Amino acid sequence: MIGDLGETWDFRTLNRAFRLLHSNPESTLIALGMTKFWEAPDGLSLDVAPFVAALEHAARRKALVFGKPARVFFDMAAEKLGVPAAEILMVGDDIEIDIAGAQEAGLKGTLVKTGKFRPSDLEGSFKPDVVLDSVADLRVWWERYG
């Protein structure tokens, strides 16, 4: 099971995970998410997805993903809330993982221009339902349009 280890990811840790997978061909590689990068105080930093991808490649097996952007993640959240997916508004700063992942599961996606947002995010194939400068603007938007 692979999750984010922040700056404690290193070759030794990655290689240990690879060896565990390689020595047990029946084991399942599980990823707690597939976020590619995040905004650290000192700039963009790798998140869990690149390490999962390395393990998938080296161990020759596909990871089961239980976090974003997997549909099962969003489906389980909707079920837990007892709300139809179409009535849920996902708010996030990652156009692909948060917004596209939510939309593919039938939720609406609100992109906030904070965190790792880059203006180029709005030029790609994924189109958010709502774009806000900050999550702090959500209440005003909700009162007006929600």
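Reply: In a salt bridge, the side chains of Asp75 and Arg71 meet at 3.3 Å, N to O; the term requires a side-chain nitrogen of Lys or Arg within 4 Å of a carboxyl oxygen of Asp or Glu. The model is predicted, with local features requiring pLDDT of at least 70 and side-chain atom pairs pLDDT 80 or more, while totals for chains, interfaces and linings use all residues. Residues are numbered from 1 along each chain as its sequence is written, and side-chain values use heavy atoms, without hydrogens or water.

Both Asp75 and Arg71 belong to helix α3, four residues apart, about one turn of the helix. Helices (H or I, at least four residues) and strands (E, at least two) are DSSP runs, numbered from the N terminus. Asp75 is partly exposed at 33% relative accessible area, and Arg71 is partly exposed at 46%. Here buried means under 20%, exposed over 50%, and partly exposed in between (1.4 Å probe, protein chains only). Helix α3 (residues 71–81) also holds Phe73, which is partly exposed at 33% relative accessibility.

By this rule the count comes to eight salt bridges. One of them joins Glu96 to Lys36, with the closest N and O atoms 2.9 Å apart. This pair links distant parts of the chain, 60 residues apart: Glu96 is in helix α4 and Lys36 in the loop between β1 (30–31) and β2. Glu96 is partly exposed at 32%, as is Lys36 at 37%.

Another pairs Asp94 with Lys116, the closest N and O atoms being 2.5 Å apart. Asp94 lies in the loop between β5 and α4 and Lys116 in the loop between β6 and β7, so the pair ties together parts that are 22 residues apart in sequence. Asp94 is buried, at 9% relative accessible area, and Lys116 is buried at 6%.

The strands named there form an open parallel sheet of three, in the order β5-β6-β7; strands count as paired if DSSP finds at least two bridges between them. β5 (89–92) and β7 (130–132) are the edge strands, each pairing on one side only. Four bridges join β5 to β6 (residues 108–112), and Leu89 has Lys108 in β6 as its bridge partner. Helix α4 (residues 95–104), which carries Glu96, lies across β5 and β6 at about 160° to β6. Contact means heavy atoms within 4.5 Å; axes are lines fitted to C-alpha atoms, for helices over the stretch in contact, with angles from 0 to 180 degrees between N-to-C directions.
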